Amino acid sequence: MTEPRAPRAEALHQRFERVWSNLPGWGTLAAVNHTTVGLRFMATGAVFFLIGGILAMLVRTQLALPEQEIIGPQLYNQAFTMHGTVMMFLFAIPILEGLALYMIPKLIGARDLAFPRISSLGYYCYLFGGLIILSSLFLGVAPDSGWFMYTPLSGAEYTPGPGPDFWLLGITFVEISAMAAGIELTVSILRTRARGMSLRRMPLFCWYILAMALMIVFGFPPLILASILLELERAAGLPFFDVAGGGDPILWQHLFWLFGHPEVYIIFLPAAGIVSTLIPVFSQRPIVGYRWLVLAIIVTGFISFGLWVHHMFTVGIPHLAQAFFSVASMLVAVPTAIQVFAWLATLWLGRVVYSLPMLWILGFLVVFVCGGLTGVMLALVPFNWQVHDTHFVVAHLHYVLVGGMLFPLIAGFYYWLPQLSGRMPSHVLGRWGFWLTFIGFNATFLMMHLTGLLGMPRRVYTYEGGLGWDWLNLLSSVGGFIMAAGIAMIILDITLHFRFGRPAGRNPWNADTLEWAVDAPPTSYNFASLPKLPTRHPLWEQPDLPESIAAGEHGLSSIEHGRRETYGTDAVSGRLREIIHLPGNSWLPLLAALSLAVVCISLLVRAYPAALLGVVGALYFLLRWSWVNGVHPAMAPLVDDEPTDPPLHSRTCDGPGLWGMVITLMANGTLYLSLLFGWFYLWTAAPQWTVPEQRPLDLVPLLGAGVLLTVATWVFNRLVARLRAGESVDLGRGFWGVAMLGAGHVGLLVLVLWNGSLEPTERAHDAVLLVMLIYLLLHGGLCAILTGMQALRVRLGYVGPRLPYEPVVLRPLWIYTLGVFWTAFAAFILLPAAWGSA
């Protein structure tokens, strides 16, 4: 545990705790602090991991011997579907997000993340979405179409029960959580680093998390769109994936794997970040090839988005496309190899300390390299054709994801456990846990490679004896239970160490990064003062830094004003730009998430009035959230002695909110581009794509809506430009005028929709047009509402020449809405008319 504080440091700590601590009792549900939220993510993810593990043991028990009937085919299908869903969506990504939310501020010298309430909202969306998905299992209606939910099997015709609806609505809810974390982490890493921490001095773990966060931003929207479209098909009969209605089930595979293959690297990169953090510590030297590793991270992120057809080699795509994606699938091995060789070089040149975390790192290197080799094999189209639907692919998947994620994750848990608890884990129990897990894992999945090569198909609940699979399946099942015993040993070790572990002391591993300057257990504010960090290895170069931070010898050591504050710095250079004031404890994230949960549950039971009430509730709480910002009395009201050098971020034109808006619109744009992709794919590839004889939408009001939106955007931009120049004459009336123009735009879109002759349940063409119009309506309405709120804030004195921040943040939304409207007009109206297809 951390040594007792000096009297001065203790007095400073007490003052900070009064401002930063969570509310007592049930009030802790209102906590937005990154340490609390991160721990909740990880604890919830661990529970889901155990549930997924139990389902895996059920599957392995059924397959241990031929022709068993321990569970029937329906329950088996539900078990393997839910196992994959829980492990991929409810464990792997959320627990890594939780680790990132917990660690990033401590690594970059910040007191919290840039948007604490978004982190809290993300957690509750994750929790409620996961409970919705799991409830289907306990209600006996769990999805049984596979964790990938391929159409048409998951459509209403072949799966009429509610199982897929639980999956689609629950997963969409969980994806909101992932998007929130992606945006939060991206902005926090870029804009809240310590003074002097330029990008080239940033810890490697932060580079990995930044890549992961941006990949979430661009990778998850295709799945969100696919889930929405499939749920619309199941609930309302819109035939996006129905061939008879002009749809195509292969579109689901494209959208799913546009998310699915980047997801593999979204899972791998944070785990690799743990490896790149631990290896230098236990080699007691800096990592070899820092810049090469950063380059490898960036290249991996880019290449991962060009591999999705790797999963579709057997669906009948052209040979040229197969060749391209085969080469791309092998090319991704290059940046991965750069990382592996950098790790090996660091171990070779260092003085390796073979402690418990290092044991898991070595296990990772063995397992992950084997999984990478089988990945190169699967990139070869002829080989892929032979083993595509066999246990070989199941084995490869687990070698890459378990070896590439679970082993480093457990290494990271053991490494950072003293930072959380102030105590050391047991080396005896820890080593038993490692060897049981390592041996059991390889016994389970190495055998699956052989059963796959011998022709055993995946997704079958039993098999005949005498095919050469019997003893291999039995060994795999025994290995699964050995691995389960290893996981149980790890849980026992971690549980006991909180009570019986020996005190760790500060920085027990002699690490170089800043998280070890935080007290153990960590305080709610991380750092009593914020140091300048012009180095990658602050604790190696300044061993006394923890003491000077606790004594308040660095920046922002005053807390008398009662604000939660951290520094905002330049995204590239780390130069100080502003003081970011952060919100305190808030019930709004929980209330907004509960309202969204009401929407999901109501849609499940087809209680549409209740779903509408949930939408209204969620909109109210989210708008209230946006209202309590800036100089609102509950945030950072104007005072005479407030800081000016640097200023508070709400007094500037380039705070974290603007960055959050831009990153959010990048994700939104990816969703829109996915819709465009679906439109052009169906237009060119759907075998029974049909268009109506007459244009289903009236062009005159549609053009009028576009003109109003263009004028509103131009006026809003002019008002913001004048505001930034210090002019505020008629600012409030100007915003009211823009809001009215936006309302007129929405009204004309409603008129287009009302008077249109769309038949969305008959033709995929009309169904896509309907989704496009709803998308434009939502954005136009949101712009109008938020601008009206800005007009009210001008009247109350929350916006003005001294406070230009909020309209500047809103400006990109208007520009984006204008851009997508005219892009939609060109792609959905003009281009088909010019082509003669509509």
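The model is a prediction, for which local features need pLDDT of at least 70 and side-chain atom pairs count only at pLDDT 80 or more, while totals for chains, interfaces and linings use all residues. Residues are numbered from 1 along each chain as its sequence is written, and side-chain values use heavy atoms, with hydrogens and water left out.

The chain holds 25 helices and two strands, where helices (H or I, at least four residues) and strands (E, at least two) are DSSP runs numbered from the N terminus. Its radius of gyration is 27 Å, close to the 28 Å given by the globule rule for 838 residues, so the chain is as compact as a globular protein of that length; the radius is taken over C-alpha atoms, and the rule is 2.2 Å times the number of residues to the power 0.38. Along the principal axes, the C-alpha atoms of the chain fill a box of roughly 75 × 75 × 45 Å.

Of the 838 residues, 62% count as buried, a term that stands for under 20% relative accessible area, with exposed meaning over 50% and partly exposed in between (1.4 Å probe, protein chains only). The accessible surface of the chain comes to about 31200 Å², and 70% of it belongs to carbon and sulfur atoms; these areas come from the Shrake-Rupley method with a 1.4 Å probe, and for residues only the protein chains shown count as cover. Among contacts (heavy atoms within 4.5 Å) between residues at least 6 apart in sequence, 82% join residues at least 24 apart. The mean positions of the 44 positive and 45 negative charges are 11 Å apart, where Lys and Arg count as positive and Asp and Glu as negative, without His and the chain ends, and where the place of a charge is NZ of Lys, CZ of Arg, CG of Asp or CD of Glu.

The largest nonpolar core has 263 residues, of which Trp252, Phe256, Trp343, Met405 and Phe828 touch the most other members. Helix α3 (residues 73-108) gives the most to this core, with 22 residues. Another core, of nine residues, lies apart from it and includes Leu12, Ala528, Ile559 and Ile580. A core in this sense is a set of buried Ala, Val, Leu, Ile, Met, Phe, Trp, Tyr and Cys residues joined through side-chain atoms within 4.5 Å. Not counting residues up to four places away in sequence, the residues touched by Trp252 include Met149, Tyr150, Trp167 and Phe241.

Met149 itself is found in the loop between α4 (116-138) and α5 (163-191), where its phi is near 55 degrees, a positive value in a residue other than glycine; at 0% relative accessibility, Met149 counts as buried. A positive phi, near 65 degrees, also occurs at Arg459, which is placed in the loop between α15 (427-453) and α16 and counts as partly exposed at 33% relative accessibility.

The bond from Ala520 to Pro521 is cis, with omega near -5 degrees, and Pro521 lies in the loop between α16 (470-500) and α17 (538-541). The bond that joins Asp645 and Pro646 is likewise cis, with omega about 5 degrees, and Pro646 lies in the loop between α20 (608-627) and α21 (656-685). That loop between α20 and α21 also holds Asp641, which is exposed, with a relative accessible area of 68%; the C-alpha atoms of Asp641 and Thr523, 118 residues apart along the chain, are separated by 28 Å.

Helix α21 contains Ala667, a residue that counts as buried at 6% relative accessibility. Although Ala667 and Ile216 are 451 residues apart along the chain, their C-alpha atoms are separated by 8.5 Å, and, leaving aside neighbours within four places in sequence, Ala667 is in contact with Met179, Val217 and Pro221. Ala686, in the loop between α21 and α22 (699-724), is buried at 9% relative accessibility and touches Gly246, Gly247, Asp248 and Tyr681, not counting residues up to four places away in sequence.

In helix α9 (residues 290-304), Thr300 counts as buried, at 0% relative accessibility. Leaving aside neighbours within four places in sequence, the contacts of Thr300 are with Tyr265, Leu269, Pro335 and Gln339.
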